[in-house]
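Hello,

Here is the structure I promised to hand over. Please have a look, then read my notes below.

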Amino acid sequence: MENCIEMNDVTMSYDSSFALNHLTFAVQKNEIFGFLGPSGAGKTTTIKLMTRQLKKDGGTLRLFSKEIEETDCSINERIGVLSDNSGCYERMTIEENLCFFAKIRGVKKEVVPEILKKVGLYEDRRKSIKKISRGMKQRVVLACSLLHSPELLFLDEPTSGLDPATSRMIHDLILNLKAQGTTIFLTTHNMEEADKLCDRVAFINHGSLIECGSPLEIKLKHARNQIEILTADYQRVVISKDAAGMRQLLTLAEQKKLLTVHSLEPNLEDVFLELTGSELR
Ligand SMILES: Nc1ncnc2c1ncn2[C@@H]1O[C@H](COP(=O)(O)OP(=O)(O)OP(=O)(O)O)[C@@H](O)[C@H]1O
Ligand SMILES: [Mg+2]
């Protein structure tokens, strides 16, 4: 499988301390890659290196198989960015913002209605940015990042602070973009979001990668091989997933004392906490 991003042993520091500490990972073409970690882990810094807003101190970084230092501005036509400080012009309407950014991008303004429909803002297109909600603004910013149909899209916490309905709309949009062939690099604090959307995720803490794989792979790797049962007298009992445990289960079933049975796979948040001991906030 072709790689869109290849980071190898990358380090970067702002002052004296490492923001990224020997970071290595690759993102394949057309996957949704989740980059997960607590505040200050280095997620935005990583996006800034890949979008050439910052320079690394060491290691190699390749986008579309080309060393980042050797790329020129033409690479901006292939990538889109929704950053943590992306904004739009408050005094303009939604549509005017899109037309303005289309002009900057050298994209025909005829694509604007189509993009507005994609993000569910076509009906509201004449509303001034000043008067729209946070979730709508986020969708305007997202629409701006899609104007030139980028092959690779960087989304820095696209659903942070949004209500569940708007988040779901953005999730559906991300999945549609993937279906159309886009590669997506997504940072989030939200492990459920990552589990639902991502083909693979990387856990990052203090600038280092601590785990990488598909959400299922990671959960199974850290599973404790246990089953929790609820017995007829409402006792919760944890048994092991081996022959002895299964005999216990069978005995309870024969005695008609078995109410519920659950395999105890951890979720991504459990695994992250186990690996780091820190909270994901
Ligand atoms: N401009 C800067 N100058 C100095 N240090 C910085 C700067 N930007 C970030 N840092 C530091 O680098 C580290 C990584 O920050 P970064 O913004 O990449 O984290 P993050 O994972 O995106 O966090 P969040 O989830 O809060 O957005 C942090 O320790 C942060 O304090
Ligand atoms: Mg950030």
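Which residue stands opposite Leu186 in S8? Gly34 does.

First, the ground rules. This is a predicted model, in which local features need pLDDT of at least 70, side-chain atom pairs count only at pLDDT 80 or more, and totals for chains, interfaces and linings use all residues. Residues are numbered from 1 along each chain as its sequence is written, and chains are lettered from A and ligands numbered from 1 in the order in which they are written.

Strand S8 covers residues 183-188. Helices (H or I, at least four residues) and strands (E, at least two) are DSSP runs, numbered from the N terminus. Six of the six residues of S8 are buried, so the strand is largely enclosed by the rest of the structure. Buried means 20 or more other C-beta atoms within 10 Å of the residue's own, with C-beta atoms placed from the backbone.

In a regular strand, side chains alternate between the two faces of the sheet. Thr183, Phe185 and Thr187 point one way from S8. Ile184, Leu186 and Thr188 point the other way.

S8 has two partners to note. Strands pair if DSSP finds at least two bridges between them. S3 (residues 32-36) runs parallel to S8, joined by five bridges. S7 (residues 152-156) also pairs with S8 in the parallel sense, over five bridges. There, Asp156 stands opposite Thr187.

Now ligand 1. The residues surrounding ligand 1 include Tyr14, Lys43 and Asp84. Here a residue counts if its C-beta atom, placed from the backbone, lies within 6 Å. Helix H1 (residues 43-50) gives the largest share of this shell, three residues.

Best wishes

Terms used: A residue is buried if 20 or more other C-beta atoms lie within 10 Å of its own, exposed if 12 or fewer, and partly exposed in between; C-beta atoms are placed from the backbone.
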